[in-house]
Number of protein chains: 2
Amino acid sequence: MTTSPRRIGTADSKSRAQLLDAAEQLLVEEGYAAVTSRRVAARAGLKPQLVHYYFRTMDDLFVEVFRRQADANLAALDAAVAKDGSLRHLWRLNAGTSGAAFTLEFVALANHRKAIRAELASYAERYRAAQLAALTNALRASGAPERVPPIVALVLMTGVTQVIGLEQALGVTSGHDETLAFVEQAIARLDAGEPL
Amino acid sequence: MTTSPRRIGTADSKSRAQLLDAAEQLLVEEGYAAVTSRRVAARAGLKPQLVHYYFRTMDDLFVEVFRRQADANLAALDAAVAKDGSLRHLWRLNAGTSGAAFTLEFVALANHRKAIRAELASYAERYRAAQLAALTNALRASGAPERVPPIVALVLMTGVTQVIGLEQALGVTSGHDETLAFVEQAIARLDAGEPL
DNA sequence: GTCTATAATCAGATAGAC
DNA sequence: GTCTATCTGATTATAGAC
């Protein structure tokens with residue numbers, strides 16, 4: 001088996017994994033601007049040039065960091081839904097998104113770097129499709145009369161958790177508690193088979 | 001009148017305004033990482049050192065760029081609401097937010113820089129308060145029975161426009177059309193005094 | 001008040017040694 | 001396949017001239 005043209009080292013190299021870990025930590029803790037070859041290497045206890053050996057460019061490094069997390073997220077969603085596909089659980093999964101900082105950095109990066117934008121868009125579509133399937137099942141199972149199409153409910157739900165998550169990170173809190181209470185009450189009614 | 005300790009040049013200096021304009025353009029077009037003293041100065045047709053003369057640090061420059069836009073946004077909201085305070089108009093105002101890239105960059109910056117986070121949080125709270133006042137009036141004027149508290153409606157509305165705006169920038173589109181149609185239909189009913 | 005010369009540091013990337 | 005020496009250029013910031 002030949003190595004891919006982009007990856008120079010082997011995929012299971014120890015140094016390579018250490019660099020990915022270090023890059024991810026730096027990204028979350030200090031933002032993408034702090035993810036430089038020198039700082040990544042220093043945190044991994046390696047020489048800066050190794051970054052360019054294992055990942056040709058910094059963009060390639062970013063893409064690999066993203067893919068690793070994206071794959072893990074998709075797998076985690078599938079596993080969680082298989083365990084409990086209820087409406088309440090789906091909401092909890094979405095509302096408790098811990099990787100807000102991670103996502104934010106990549107969105108900002110994607111806004112100006114083509115390779116990363118493509119990666120992020122592909123992941124977002126796959127994640128939404130998986131969520132939609134789960135939400136459609138959950139709504140059907142609740143037996144509540146359908147007044148809101150599942151895809152609309154999903155976009156609304158994503159929107160709420162996104163604003164609240166983002167604003168929380170910035171110290172903005174107006175309306176959060178009221179909105180969360182409202183959503184949870186709505187979900188409780190739906191889960192009981194009542195209309196909204 | 002003495003100058004503030006932070007601002008060295010006069011506030012109405014021509015060079016100072018040119019630097020602010022250049023910084024804002026770069027920020028939107030290429031992201032905050034592209035806003036370096038050299039590039040800002042080059043775009044303004046000035047020497048890089050002038051950035052540090054008019055704004056002691058790059059963070060100070062970012063804060064000034066943000067304040068200028070934030071003040072303009074708040075004034076624009078007030079003016080627009082005074083002209084037409086209807087539910088439909090409020091929605092259009094929010095949905096048509098053109099400054100998505102601008103906001104995104106500052107949110108990313110704020111996530112890791114204290115001074116900018118404080119600035120952004122203060123602005124976000126003020127903007128939300130202004131929107132809430134307008135929305136409360138609009139809902140009351142519509143005469144529709146209140147099933148959703150205004151603050152909850154506002155957070156929901158902000159969430160929808162935020163996800164859709166963000167995803168649009170990334171090339172993600174699933175569910176956008178359906179959701180926008182749903183929201184606009186709901187607004188039409190409320191504006192006609194009907195319940196949701 | 002306005003601007004420049006200069007310092008000190010850090011960036012991404014490649015060519016080549018083992 | 002793994003890693004290092006090295007090149008070239010950019011970055012923020014200050015000290016001081018006009």
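Residues are numbered from 1 along each chain as its sequence is written, and chains are lettered from A and ligands numbered from 1 in the order in which they are written. Because the model is predicted, local features need pLDDT of at least 70 and side-chain atom pairs count only at pLDDT 80 or more, while totals for chains, interfaces and linings use all residues; side-chain values use heavy atoms, with hydrogens and water left out.

Chain A contains 9 helices and 0 strands. Here helices (H or I, at least four residues) and strands (E, at least two) are DSSP runs, numbered from the N terminus. Along the sequence, the pattern of chain A therefore reads α-α-α-α-α-α-α-α-α. Taken along the principal axes, the C-alpha atoms of chain A fill a box of roughly 60 × 45 × 25 Å.

## The surface near DNA strand C

A residue is near a strand if one of its heavy atoms lies within 4 Å of it. DNA strand C is surrounded by 17 residues, and the closest are A:S37, A:R38, B:K47, B:Q49 and B:Y53. Among the atoms of DNA strand C within 4 Å of the protein, 44% belong to sugar or phosphate, and the rest belong to bases.

| Side chain | DNA strand and atom | Distance |
|---|---|---|
| A:S37 | DNA strand C, phosphate oxygen | 2.6 Å |
| A:R38 | DNA strand C, base nitrogen | 2.9 Å |
| B:Y54 | DNA strand C, phosphate oxygen | 2.9 Å |
| A:S15 | DNA strand D, phosphate oxygen | 3.5 Å |
| A:Q49 | DNA strand D, base nitrogen | 2.5 Å |
| B:S37 | DNA strand D, phosphate oxygen | 2.5 Å |

The elements that give two or more residues to the surface near DNA strand C are α2 (37–44) and α3 (49–54) of chain A, together with α3 (49–54) of chain B. Of these, α3(B) provides the largest share, 4 residues. By class, this surface near DNA strand C has 5 nonpolar, 10 polar and 2 charged residues. In this division Ala, Val, Leu, Ile, Met, Phe, Trp, Tyr, Cys and Pro count as nonpolar, Asp, Glu, Lys and Arg as charged, and the others, Gly among them, as polar.

## The surface near DNA strand D

Around DNA strand D there are 18 residues, of which A:Q49, A:Y53, A:Y54, B:S37 and B:R38 come nearest. For DNA strand D, 46% of the atoms within 4 Å of the protein belong to sugar or phosphate and the rest to bases. At least two residues each come from α3 of chain A and from α2 (37–44) and α3 of chain B. The most, 4 residues, is given by α3(A). The surface near DNA strand D comprises 6 nonpolar, 10 polar and 2 charged residues.

A cavity is a set of points, on a 1 Å grid over the protein atoms alone, where a 1.4 Å probe fits but cannot get out; lining residues have an atom within 4 Å of a point. Grid points are joined across faces, edges and corners, and a volume is the space filled by probe spheres set on the points. The structure holds 2 cavities of 30 Å³ or more.

The largest cavity has a volume of about 40 Å³, and its lining consists of A:L77, A:L90, A:L93, A:N94, A:Y127 and A:Q131. Two or more of these residues come from each of α5 (87–95) and α7 (114–142) of chain A, with α5(A) giving the largest share, 3 residues. The lining of the largest cavity has 4 nonpolar, 2 polar and no charged residues.

The second largest cavity holds about 30 Å³ of space and is lined by A:L90, A:Q131, A:L135, A:L154 and A:M157. Both α7 and α8 (150–170) of chain A supply at least two residues of this lining. Its residues divide into 4 nonpolar, 1 polar and no charged.

Methods: Polar contact = N/O pair within 3.5 Å; in protein donor to acceptor, adjacent residues only side chain to side chain. 1 Å grid on protein atoms, 1.4 Å probe; cavity = no way out; pocket = protein on both sides within 12 Å on 5 of 7 lines; lining within 4 Å.
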